[in-house]
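Have a look at the fold first.

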Amino acid sequence: MDSDLTPASSPPHTVAGLEAVTVLADDLRRRLYGFTRHAHRPVTREEAAAEAGVSAKLAAFHLDKLVAAGLLRSRYDSPGGIRRVGRKPKVYEPADTDIRISIPERRPDVFAEILVDAVLDQEPGENAQFAALRSARRRGEALGAETRARRRPGRLGPERSVTVAEAVLEQYGFEPDRQAATELRLLNCPFHALAARSPELVCGINHAFLGGFLIGVQAAGINAVLAPHPGRCCVELRAAPGGPRTPSPAVGAGAKESGAMPPQDPGNAP
């Protein structure tokens with residue numbers, strides 16, 4: 001496979017969360033992590049060791065394990081701003097880490113960001129659902145453009161478009177299942193909990209987001225289509241009728257098509 005089509009290096013949220021929780025399975029590490037979080041300031045290994053009742057060397061070993069897992073960050077600094085002669089000690093403080101574990105993967109953060117953008121950018125007299133669909137497509141386009149800038153895939157025909165989409169959508173928790181060279185089913189809805197409340201709105205946002213991604217990445221010959229089916233996401237990527245063309249759905253397409261969806265049972269969706 002071409003190097004420009006290799007999957008992104010960052011793990012899905014659930015994988016990263018599992019790694020962090022595995023590190024915290026050790027009782028001593030949990031105590032050291034809790035002490036560091038509650039200190040509300042950088043702490044030295046000696047302070048952590050005294051709190052846990054272990055040697056400074058053992059405390060440093062476990063603190064560095066927490067750093068490697070992304071739960072803490074470390075640097076050399078004088079605790080409390082007190083300047084001393086000699087080398088500054090190594091200090092530890094909580095990292096800006098949001099630990100989430102969900103199997104299958106759920107991404108309510110992405111959905112929330114779309115809705116926040118919709119509220120902030122809603123135009124006078126504009127329907128709220130239309131604003132949400134426009135926001136979803138814009139965010140999808142941004143993701144596609146960022147993917148294209150990072151991977152530099154060149155011209156994307158139908159098969160290569162699906163390859164790029166498959167790698168990116170795996171990171172977003174859609175669990176892509178490639179049925180054919182130019183057909184991609186999405187076995188998981190990252191917004192499932194919300195889809196149970198409003199399947200029409202959520203499926204429309206999914207459709208707009210994925211269609212926007214194809215536009216941003218400059219995919220050709222592939223469309224995001226609504227295909228509701230129990231047990232998986234309501235959108236699929238399929239070869240476009242009539243051969244390769246750069247997708248350019250109207251902003252309101254998601255609203256019209258989502259409203260025309262046949263009934264489905266969101267309780268059966270993944």
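## Ground rules

This is a predicted model, so to speak of local features takes pLDDT of at least 70, side-chain atom pairs count only at pLDDT 80 or more, and totals for chains, interfaces and linings use all residues. Numbering starts from 1 along each chain as its sequence is written, and side-chain values use heavy atoms, with hydrogens and water left out.

## The main core

The largest nonpolar core has 38 residues, and Leu-210, Phe-213 and Leu-237 touch the most other members. (A nonpolar core is a set of buried Ala, Val, Leu, Ile, Met, Phe, Trp, Tyr and Cys residues joined through side-chain atoms within 4.5 Å; buried means under 20% relative accessible area, with a 1.4 Å probe and protein chains only.) The largest share, 8 residues, comes from α9; helices are DSSP runs of H or I, at least four residues, and strands are E runs of at least two, numbered from the N terminus.

Setting aside neighbours within four places in sequence, Leu-210 is in contact (heavy atoms within 4.5 Å) with Leu-169, Phe-174, Leu-186, Ala-224 and Val-235.

## The sheet

Four strands form an open sheet in the order β4-β5-β7-β6, with antiparallel pairing; strands pair if DSSP finds at least two bridges between them. β4 and β6 stand at the edges with a single partner strand each, so one side of each lacks a neighbour in the sheet.

β4 and β5 pair over 4 bridges, and Asp-177 has Arg-185 of β5 as its bridge partner.

Key: Buried means under 20% relative accessible area, exposed over 50%, partly exposed in between (1.4 Å probe, protein chains only).
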